Amino acid sequence: AGGVVEVILGLCRVSADVVAEVRRAGGVCALISMVQGSWPEGTQALREAAVELLGLCARDPHHGSSILSDIQRCLPAALSWRFAEDKDSVLPALEQDHATPELMWNANARREFQEAMRAASSRMCR
């Protein structure tokens, strides 16, 4: 799956139409699932590639706001904005506990999120 993500990343760099297709096909949910490590073959390299692709899509001048909105449907806003603004902070932020009014994120929240994303991605990939 990591090679596929990297190919899509390359295509997105040259065409906003590919970014739109990623969104239309439900790719945001699948990529969030990869980022969270919900895929069986989820390696660190796959997680990093998925973050890179989501960040690129979220910064796209034509479709970025829609992509970011889709990310926010999956993750709290306090984590979602990082894809567009500071992609290097995404994985560390997902792995840390947070207890602020904007974000309650701990081991239980991560486990529940991972289970939800695993279920969502398995429905999409039938």
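Student: In this predicted model, is arginine 110 buried or exposed, and what is its relative accessible area?

Tutor: The structure is a predicted model, so the values that follow are computed from predicted coordinates. A residue counts as buried when its relative accessible area is under 20%. Arginine 110 falls below that cut-off and is therefore buried, with a relative accessible area of 16%.

Student: Which residue forms a salt bridge with arginine 47, and what is the N to O distance?

Tutor: Arginine 47 is buried, with a relative accessible area of 11%, whereas glutamate 95 counts as partly exposed at 44% relative accessibility. The side chains of these two residues meet in a salt bridge, the partner of arginine 47 being glutamate 95, and the N to O distance is 2.8 Å.

Student: How many residues apart in sequence are the parts that arginine 47 and glutamate 95 tie together?

Tutor: The structure holds 9 salt bridges, and the pairing of arginine 47 with glutamate 95 is one of them. Because arginine 47 lies in helix 4 and glutamate 95 in helix 7, the parts that the pair ties together are separated in sequence by 48 residues.

Student: Which residues do salt bridges with shared partners join into one network that includes Lys87?

Tutor: The side chains of lysine 87 and glutamate 52 meet in a salt bridge of 3.2 Å, N to O. That pair links distant parts of the chain, with lysine 87 in the loop between helix 6 and helix 7 and glutamate 52 in helix 4, 35 residues apart. Lysine 87 is partly exposed at a relative accessible area of 26%, and glutamate 52 is likewise partly exposed, at 23%. Through shared partners, the network joins Arg13, Glu52, Lys87 and Asp88.

Student: Where does glutamine 36 lie, and which residues does it touch beyond four places away in sequence?

Tutor: Glutamine 36 lies in the loop between helix 3 and helix 4, and with a relative accessible area of 9% this residue is buried. Leaving out residues up to four places away in sequence, glutamine 36 touches Arg47, Leu94, Trp105, Arg110, Phe113 and Gln114.

Student: About how much accessible area do Val7, Leu11 and Val14 have together?

Tutor: Leucine 11 lies in helix 1 and counts as partly exposed, at 42% relative accessibility. Together with Val7 and Val14, Leu11 forms a nonpolar patch on the surface, whose accessible area is about 300 Å².

Student: Which element has the highest mean pLDDT?

Tutor: The protein averages a pLDDT of 85, and 90% of the residues score at least 70. Among the elements, helix 8 has the lowest mean pLDDT, 79, while the highest, 92, belongs to helix 5.

Terms used. Residues numbered from 1 in each chain as written. Predicted model: local features only at pLDDT ≥ 70, side-chain atom pairs only at ≥ 80, totals over all residues. Heavy atoms only, no water. Patch = residues over 30% accessible without salt bridge, like charges linked within 9 Å, V, L, I, M, F, W, Y side chains within 5 Å. Areas by Shrake-Rupley, 256 points an atom, 1.4 Å probe, with all protein chains shown as cover. Salt bridge = Lys/Arg side-chain N within 4 Å of Asp/Glu carboxyl O. Helix = DSSP H or I, 4+ residues; strand = E, 2+ residues; numbered from the N terminus. Buried < 20%, exposed > 50% of the residue type's maximum accessible area, 1.4 Å probe, protein only. Contact = heavy atoms within 4.5 Å. pLDDT = per-residue confidence, 0-100.
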